[in-house]
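Dear colleague,

Please find below the structure that I am handing over to you.

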Amino acid sequence: MARLAFPLNPLSDHKLHPSLQCPRSLFLIQTGAPRFRVLRCRTKPEAAETQEKLVVDGGGSVGDGSSSSVKTADSSPADSASGFPEFPTKEINKRVALASAVAALGLFVSTRLDFGVSLKDLSASALPYEEALSNGKPTVVEFYADWCEVCRELAPDVYKVEQQYKDKVNFVMLNVDNTKWEQELDEFGVEGIPHFAFLDKDGNEEGNVVGRLPKQFLGENVDALARGQPSIPHARVVGEYSKAESRKVHQVVDPRSHG
């Protein structure tokens with residue numbers, strides 16, 4: 001880098017010897033002595049394209065009469081940006097709304113298929129008890145009550161098993177609140193509900209399952225009945241149940257009903 005020092009002369013500051021002129025890369029800096037200035041010339045003008053002017057304290061920039069502050073020739077547009085993330089667009093909102101609607105529909109369908117089956121649904125599709133005992137098929141008799149929490153909980157599992165074996169096995173629902181079934185309650189020894197009695201094709205009881213138990217117990221017993229096995233794998237099993245004695249509070253007289 002070349003340097004030149006000379007007395008201060010406002011009329012001749014811009015005049016340099018031709019051999020020392022460096023267009024587009026000239027910087028003017030005032031030294032500690034007020035009578036002299038130092039001109040610095042970059043040997044690579046192209047490196048100074050973005051910073052061509054350095055304003056000197058007490059004087060203007062080289063080539064103009066601007067005020068005394070340091071400025072650069074280029075200014076990035078990003079400096080004026082807010083820096084905040086963009087707000088969601090209408091298109092994004094539409095996609096979110098569509099995804100939410102699809103998820104809600106899927107949840108509704110899943111709930112209806114797996115958990116929406118009620119005791120009333122099972123009772124409505126059940127076969128009348130008298131008919132079941134006379135058609136030559138094995139039978140599953142469920143003693144239940146609408147107020148029985150365990151009965152309601154197991155309803156979806158019973159429905160799935162019923163749908164799988166309904167062509168080979170009868171499914172009967174007897175409501176313990178109906179006084180019509182007092183004799184059957186005594187005959188099958190129903191003390192807790194749900195009470196599942198498994199009958200062969202001749203109406204003889206092969207075993208029973210009472211209360212909250214794994215779905216596979218019901219499925220394996222029904223499968224054994226459907227295949228005509230002489231016995232069922234779970235003949236006497238008891239889980240958590242509701243006491244059948246509570247039926248006395250809810251008893252109804254409806255001899256016309258099979259449920």
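Findings

Thr179 lies in the loop between β5 and α5 (182-187); helices here are DSSP runs of H or I with at least four residues, strands are runs of E with at least two, and both are numbered from the N terminus. Please note that this is a predicted model, in which local features need pLDDT of at least 70 and side-chain atom pairs count only at pLDDT 80 or more, while totals for chains, interfaces and linings use all residues. Residues are numbered from 1 along each chain as its sequence is written, and side-chain values use heavy atoms, with hydrogens and water left out.

Thr179 counts as partly exposed because its relative accessibility is 28%. In this scheme, buried means under 20% relative accessible area, exposed means over 50%, and partly exposed is in between (1.4 Å probe, protein chains only). Although Thr179 and Arg247 are 68 residues apart along the chain, their C-alpha atoms are separated by 9.4 Å.

The protein as a whole

The protein has seven helices and 10 strands. Of its 259 residues, 32% count as buried. Contact means heavy atoms within 4.5 Å. Among contacts between residues at least 6 apart in sequence, 70% join residues at least 24 apart.

Lys120 and Met173

Lys120 lies in helix α2 and is exposed, with a relative accessible area of 63%. Met173, in strand β5, counts as buried because its relative accessibility is 5%. The C-alpha atoms of Met173 and Lys120 are separated by 9.7 Å, and the two residues are 53 apart along the chain. Lys120 and Ala155 are 35 residues apart in sequence and 9.5 Å apart in space, C-alpha to C-alpha.

Helices α4 and α6

How do the axes of α4 and α6 cross, and at what angle? The axes of α4 (residues 149-165) and α6 (residues 215-226) come within 10 Å and cross at roughly 20°. The two helices are therefore roughly parallel: angles under 35 degrees count as roughly parallel, over 145 as roughly antiparallel, 65 to 115 as roughly perpendicular and the rest as oblique. Axes are lines fitted to C-alpha atoms, for helices over the stretch in contact, and angles run from 0 to 180 degrees between N-to-C directions.

In this pair, Asp157, Val158, Lys160, Val161 and Tyr165 of α4 meet Lys215, Leu218, Gly219, Val222, Asp223 and Ala226 of α6.

Asn221 is also found in helix α6, and it counts as buried because its relative accessibility is 0%. Leaving out residues up to four places away in sequence, Asn221 touches Phe198, Val209, Ile232, Pro233 and His234.

The nonpolar core

A nonpolar core is a set of buried Ala, Val, Leu, Ile, Met, Phe, Trp, Tyr and Cys residues joined through side-chain atoms within 4.5 Å. The largest such core has 44 residues, of which Val140, Val141, Phe143, Ile193, Phe198 and Val222 touch the most other members. Helix α4 gives the most to this core, with seven residues.

Beyond its neighbours within four places in sequence, Val222 is in contact with Val140, Val161, Tyr165, Val169, Phe171 and Phe198. Ile193 is joined to Pro194 by a cis peptide bond, with omega about 0°. Pro194 is found in the loop between β6 (192-193) and β7.

Yours sincerely
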